[in-house]
Amino acid sequence: MADAPVPPLVRLDRISKHFGEGETRIDALREVSLDVYPGQVVALLGPSGSGKTTLLNVIGCILDPSSGSMELDGVRVLQDGQWLSPNLRQLRLDKIGFIFQFHNLIPFLDATDNVALVLQLAGLDAVAARTRALELLDYLEVGHRRSAMPAKLSGGEAQRVAIARALANKPRIILADEPTAALDSKRAGIVMDLLRKVAVEQEAAIIAVTHDEKIFDRFDRIFSLRDGRLDDGGLTVHR
Amino acid sequence: MNLAYRDIRHGLGRFLLTCVGLGLLLGVVLAMIGIYRGLVVDALTIARAPAVDLWVVEANTRGPFAEASRIPGDIREAVARIADVSAAGSITYQTVETEHGGDKLRLYVIGYELTRPGGPPQIAEGRAIARSHYEMVADTSSGLTLGDRIRLGRHVFTVVGLTRHQVNSGGDPAVYITLPDAQKLQFDLAPPAMRVQLARGTGGSSRDTVNAVIARLHANASADAVAETVHRWKHLSAITQEAQELILTRSLVDRARRQIGLFTSLLLVVSAVIIALIIYTMTMEKLKQIATLKLIGAPDRTIIAMIVQQALALGFIGFAIGATLIFNIKDYFPRRVVLEPDNVMILGLIVFVVCLLSSGLGVRAALRVDPATALGG
């Protein structure tokens with residue numbers, strides 16, 4: 001008997017977003033459709049102003065699209081430009097992990113607490129949250145820096161702590177905004193290998209905005225955005 | 001996980017420095033409130049010291065503090081004979097400038113009859129005046145100590161006792177001497193002037209003049225009724241203790257009181273603005289972190305709690321520093337600083353409310369932060 005087809009973790013159906021009206025109208029996204037499956041690491045490329053970050057914000061449920069529909073982890077969350085979930089914050093907390101260009105760790109929390117914070121926000125008690133945070137830091141090979149404050153971490157270490165934070169609630173969708181922009185090529189490679197490992201082992205979908213050509217070979221598919229339009233199908237990288 | 005505490009601990013030095021700055025400001029506000037209260041208390045101290053019910057003064061004057069008053073000393077006997085009067089005493093008040101230890105010293109000299117109302121309310125050190133002449137009880141704020149000898153007019157007085165907090169409305173320390181000494185000091189002319197007066201045939205008149213006669217009444221006696229009786233003697237006025245205190249606070253120190261009151265109000269407003277500014281700035285510096293918190297799913301209450309708790313901690317620590325500072329240095333002020341628990345509590349309450357309102361500004365800014373600003377570097 002043939003295996004049932006795996007549903008996509010992220011399904012975008014003709015998502016559009018415009019800012020302003022009339023002469024000042026800017027179409028940031030024009031009917032973008034995209035499916036991202038478990039275990040896939042997807043890149044969004046495009047020149048400045050092409051709509052990459054806008055698309056990431058829509059998928060991250062922090063920007064209202066003008067029209068279109070979206071499913072996250074099999075759940076329809078957007079229908080014809082209207083959010084179906086009344087609590088987008090909880091949706092983000094449960095389903096989406098974020099990785100930022102400059103790690104965006106909370107500067108007054110040490111590495112462990114930066115990770116544990118997300119777990120406590122999800123309802124775990126302090127002890128359980130710290131235990132899980134330490135496991136994640138060890139998993140990302142930065143456990144030896146568990147007590148370090150963000151300012152004392154190297155760029156690579158900080159980004160690994162940020163990835164640990166993004167993975168804390170076991171989200172199946174991880175959105176990364178230029179995750180390697182602040183890293184040299186060696187550390188950028190290490191971070192991308194970690195993300196690939198996470199995608200495969202946790203069957204997560206990773207969507208990253210990047211300009212970093214050095215890491216293109218780490219992606220399964222590369223989509224290009226230009227003037228708010230996504231190229232058809234995306235370039236499949238053969239590795 | 002208490003984010004407010006973690007943030008404070010991370011930038012402890014800066015936070016404490018801000019608290020110290022705020023503490024100094026609140027300390028100044030407390031000091032001004034204390035000076036304001038002290039001015040009123042000082043103004044009333046001398047009037048309350050004899051613990052009397054009625055002040056008999058020169059007709060049509062509001063003496064002896066607000067206006068000059070001179071009446072014959074024997075009025076005391078007439079007042080003492082009024083049915084409801086239990087005790088009466090003659091009293092004089094005058095300001096004298098003298099020298100002590102090479103420094104100028106302004107003293108508020110009170111002359112009283114040793115066995116009658118008008119003397120120092122209590123002796124903190126030493127003893128009361130026992131001899132008829134040339135002994136003095138001085139307030140500690142004068143800098144005089146027991147055994148000191150000081151010249152007033154043509155005579156040298158020995159300090160035999162010390163009082164505390166006995167100053168006039170201008171802050172000049174009070175000294176108590178016997179009525180005859182005070183009368184000599186106030187009314188005796190220097191020998192050359194006396195010779196001139198004698199030559200003109202105007203010398204030799206009685207010097208038994210006083211500034212006021214004070215009276216204590218029997219329990220249940222009406223001060224107003226006794227005052228009315230005295231009014232019938234056309235050459236005298238009578239002021240009840242209540243009216244005397246009103247004259248002192250509403251007339252004598254009114255301008256100074258209002259000036260300090262207005263300045264204190266302005267300081268409070270300035271403090272409120274500065275507190276608001278500090279808390280708002282503290283929040284604005286964290287906007288990126290707040291955006292990140294919102295993006296990773298922190299509920300609004302977590303962010304609100306962080307801002308409000310920090311604002312209250314800032315206000316509480318600043319207030320504690322300010323209050324501690326002022327309570328430790330208030331006795332070194334040239335004028336009395338009177339801080340009652342209710343003053344401190346009210347200011348504490350004001351600081352609490354200001355911090356709460358100020359954090360409202362920060363909370364408003366924080367809640368308006370778009371979580372998307374955490375993305376995009």
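**Close-up views of the predicted model**

**View 1. Contacts of B:Val56.** Beyond its neighbours within four places in sequence, B:Val56 is in contact with B:Ile75, B:Val79, B:Ala212, B:Val213, B:Ala215, B:Val230, B:Leu236 and B:Ala238. Contact means C-beta atoms, placed from the backbone, within 7 Å. This is a predicted model: local features need pLDDT of at least 70, side-chain atom pairs count only at pLDDT 80 or more, and totals for chains, interfaces and linings use all residues. Residues are numbered from 1 along each chain as its sequence is written, with chains lettered from A and ligands numbered from 1 in the order in which they are written.

**View 2. The largest nonpolar core.** The core holds 172 residues; A:Ile206, A:Ile207 and B:Val56 touch the most other members. Helix H2 (residues 12-48) of chain B gives the most, 14 residues. Such a core joins buried Ala, Val, Leu, Ile, Met, Phe, Trp, Tyr and Cys residues through C-beta atoms within 7 Å. Buried means 20 or more other C-beta atoms within 10 Å of the residue's own. Helices are DSSP runs (H or I, at least four residues), numbered from the N terminus.

**View 3. H2(B) against H8(B).** H2(B) and helix H8 (residues 254-284) of chain B pack at about 165°, axes 9 Å apart. H2(B) is therefore roughly antiparallel to H8(B) (angle over 145 degrees). Axes are lines fitted to C-alpha atoms over the stretch in contact, and angles run from 0 to 180 degrees between N-to-C directions. Residues that meet include B:Leu22 and B:Tyr36 in H2(B), and B:Phe263 and B:Ile274 in H8(B).

**View 4. Two domains of chain B.** An automatic or database assignment sets the bounds: domain 1 (3-43 + 255-374) and domain 2 (54-220). Their C-alpha centres lie 48 Å apart.

Technical notes
A residue is buried if 20 or more other C-beta atoms lie within 10 Å of its own, exposed if 12 or fewer, and partly exposed in between; C-beta atoms are placed from the backbone. Helices (H or I, at least four residues) and strands (E, at least two) are DSSP runs, numbered from the N terminus. Two residues are in contact if their C-beta atoms, placed from the backbone, lie within 7 Å. Angles under 35 degrees count as roughly parallel, over 145 as roughly antiparallel, 65 to 115 as roughly perpendicular and the rest as oblique.
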